[in-house]
Amino acid sequence: MNTKQNPDSHAERRDNRKVTLRTLRRMRGRGEKAVFITAYDYPMARFADAAGVDMVLVGDSVANTTLGYRSTTCVDMEDMVRHSGAVTRAVERAFVIGDMPFMSYQQSDEAAVANAGRFVVAGCDAVKCEGGRRVAPRVRAMVDAGMVVMGHIGLTPQSLAQLGGYRVQGRTDDQVGSLREDIVALEEAGAQMVLLEAMPPEAGRLLRDSVDVPVYGIGAGPHVDGQLLILHDVIGMQDPAILRRPSFVKRYADVGAVVVEALRQYGADVRSGAFPAEERWYKGRE
Ligand code: KIV
């Protein structure tokens, strides 16, 4: 394909051009699905970028995947800014979104703008916050300050207590109606993209078709503009004692098992004396 004629084509994007909001809008317009994954540190973010994913979320799921907390509400701005910086230093092409942690945007417009600004300074292309109508004023404030904001509705882990646990959302007409009001309110407030979490495909389709901005899904079926998964679920690194792998996840690798096996072999070599063999010794003076 002639990439000059079609600057946002797959071929062009494989050429490492930075993914921007414009790229993502055009992809939605063409019905081209965006590949979206979480990452929390430099090496994994580099691997994600090398694999050609379009979008990386530095999720507050870092709490569960990386820091060993049971709840995403346990991480704060210091955690998120540090992990965001590690990811943005690694990523050259993908669109990077920093996830605003619990209580970093709920209190006031001023707090939301100041905290969102820290993600931008850390190199993120956008920020994400959870909630629909109730966070619309915050979204408006952050967008008015010049930032790109992703809304997040459906199952919102920061309000797990209110939702009564990890429950699929949008199963009744009333729930879908309420989610529809949320997504429209987010778009009206200026959100440039929205993430839907844990809902049946019909709800995902209706919500996606209710707005003009790109709408992505994690466990929201196929009728959205792209798919997000949690990296540690995809590559077999999530400890099930902390978080069970949801049924919508497909695991593509068992990295945890590879690491355990490599360290077993290393342990066996150290214990037997096979490591370090002579070729790995520094030479002394001749
Ligand atoms: O933190 C995260 O990874 C998220 C996803 C669960 C949507 O917010």
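Q: Which residues lie nearest the centre of the largest pocket?
A: In this predicted model, the largest pocket has a lining of 31 residues. Among the elements, strand 4 (126-130) and strand 6 (193-197) are those that give two or more residues to that lining. Nearest the centre of the largest pocket lie Leu-155, Tyr-166, Glu-197, Pro-246 and Phe-248.

Q: Where does the ligand sit, and how much of its area does the protein bury?
A: The ligand sits in the largest pocket, where about 660 Å³ of space lies. An oxygen atom of the ligand is 3.1 Å from an N or O atom in the side chain of Asp-99, and for the side chain of Lys-128 the corresponding distance from a ligand oxygen is 3.0 Å. Taken alone, the ligand exposes 260 Å², and of that area the protein buries 96%.

Q: Which element gives the largest share of the lining of the second largest pocket?
A: The second largest pocket, with about 480 Å³ of space, is lined by 23 residues, including Val-35 and Ile-37, which are among the closest to its centre. By class, this lining divides into 18 nonpolar, three polar and two charged residues. Helix 3 (42-50), strand 8 (226-229) and helix 11 (231-234) each supply at least two residues of the lining, but the largest share, four residues, comes from strand 1.

Note on methods. Residues are numbered from 1 along each chain as its sequence is written. This is a predicted model: local features need pLDDT of at least 70, side-chain atom pairs count only at pLDDT 80 or more; totals for chains, interfaces and linings use all residues. Side-chain values use heavy atoms; hydrogens and water are left out. A polar contact is a pair of N or O atoms within 3.5 Å; within protein, one must be able to donate a hydrogen and the other to accept it, and residues adjacent in sequence count only if both atoms are side-chain atoms. Accessible areas come from the Shrake-Rupley method with a 1.4 Å probe; for residues, only the protein chains shown count as cover. On a 1 Å grid over the protein atoms alone, a cavity is a set of points where a 1.4 Å probe fits but cannot get out, and a pocket is an open set with protein on both sides within 12 Å along at least five of seven lines; lining residues have an atom within 4 Å of a point. A molecule sits in a cavity or pocket if more than half of its atoms lie within 2 Å of its grid points. Grid points are joined across faces, edges and corners, and a volume is the space filled by probe spheres set on the points. Ala, Val, Leu, Ile, Met, Phe, Trp, Tyr, Cys and Pro count as nonpolar, Asp, Glu, Lys and Arg as charged, and the others, Gly among them, as polar.
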